[in-house]
Amino acid sequence: MSMSRFSIGRTWAIFLKEVQQMLRDRLTFAMAVGIPILQLVLFGYAINTDPKGLPTAVLSADSGPQARSFVAALQNTGYFKLVWQGTDEAAAEEALAEGQVQFLVQIPPDFSRDLVRGNRPTLLVAVDATDPSASGNALAALSTLGQLALRHDLVGPLARNGAAAAPFDVRIHRRYNPEGLSRYNIVPGLIGTILTMTMVMLTSLAMTRERERGTMENLLATPVRPLEVMVGKILPYVAMGYIQLGVIMAAARLLFQVPMEGNPLLLLGMIGVFIIANLAVGFTFSTIARNQLQAMQMTFFFFLPSMLLSGFMFPFRGMPQWAQHLGEALPLTHFLRIVRGIMLKGLEAPQLWVELWPMLLFMTVAGVVALKRYRQTLD
């Protein structure tokens, strides 16, 4: 009869047993505490949907006072940060294509003279519109400059030139995404995010599952070397990654009409480096995790900052400097710039080297760590 009644003592004993069991599994406990902290920090400090200080190049053919006043007013908005100024049009266009600058402002010859004469000159502003959300607020601020930028210059006899309307016109040219379609930015980015999630998760789960089932012991009885095991297990997932790529690329073209301006073969080569880098991460996780649950938790712990700090969901330049430095260490950040550069801008291999070498470095380091960890696991 006594066993049928609810016992606080027995319940307390079970509670203490479960607490001890949870504390023994230090990795799972650390993940349970670390993931919420990571989310709070990233969403609270690193995410900013109103980026300011966007790098801007000024191609000026006029050194008059009104031209200088406009450039000063441009920087005073807070949205534009002057990082390049000169007269070399080819260098300015190259900086815009490679993503070194977000805006290219072209001041025409005789800009100041035409303002004085009341002829309403035209300023041309080219913007890298591959990510429309990164430049939307800056363009809105630019539209108000017409009546404010030269208010201290057009005084006295010149006041009539800016009395009725803006004394000059601003013509905006959205490069690489003229209609400002968000799918041009999202769909290429999905290639990287999907591959990151699946490659890391599948590899870590597959290896951890073998350890749980005891099939890893069969490998120990064979003359297969650790590097051969690692390469042999990674190659099938490389093939799977390319199958995923084919599905996404077909959908991008047929469903969303995302253009392919560059060389598809170049994209295939770049994706190979990215896939191997993520597979090495998954392989490393499999040597640390004791079970598949821990492997899944570590995958999420890697995927969350990759998605949030790479510029996929939020503008990269809107994040604080410390978050940008963390993002630069992740392969997804550089791969997103590569895939958008090839698909939307038609960039060639030399122009992409600045983004390729960090991925190669990450792939090498992750591969060495994975191989070292795997050797220790066998020992």
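What average pLDDT does the protein chain have, and what share of the residues score at least 70? The structure is a predicted model; its chain averages a pLDDT of 82, and 88% of the residues reach a score of at least 70. Where pLDDT is low, the predicted coordinates should not be read in detail.

Attention may now turn to the surface. A nonpolar patch is formed there by V33, I37, V41, Y45, W322 and L326, which together have about 580 Å² of accessible area. Two helices, α2 (26–46) and α13 (321–328), each supply at least two residues of this patch. Helix α2 provides the largest share, with 4 residues. An α-helix has 3.6 residues a turn, so residues three or four places apart point the same way.

One of its residues is W322, a member of the nonpolar patch. W322 counts as partly exposed because its relative accessibility is 39%, a value that lies between the limits of 20% for buried and 50% for exposed residues. The buried residues of α13, by contrast, are A323, Q324 and G327. Seen down the axis of α13, these buried residues fall within an arc of 100 degrees and therefore line one face of the helix. On the other side of α13, Q321 and H325 are exposed.

Technical notes. Residues are numbered from 1 along each chain as its sequence is written. This is a predicted model: local features need pLDDT of at least 70, side-chain atom pairs count only at pLDDT 80 or more; totals for chains, interfaces and linings use all residues. Side-chain values use heavy atoms; hydrogens and water are left out. Patches are made of residues with over 30% relative accessible area and no salt bridge: like charges are joined within 9 Å, nonpolar side chains (Val, Leu, Ile, Met, Phe, Trp, Tyr) within 5 Å. Accessible areas come from the Shrake-Rupley method with a 1.4 Å probe; for residues, only the protein chains shown count as cover. A salt bridge is a side-chain nitrogen of Lys or Arg within 4 Å of a carboxyl oxygen of Asp or Glu. Buried means under 20% relative accessible area, exposed over 50%, partly exposed in between (1.4 Å probe, protein chains only). pLDDT is the predictor's confidence in each residue, from 0 to 100. The arc is that of the directions from the helix axis to the C-beta atoms.
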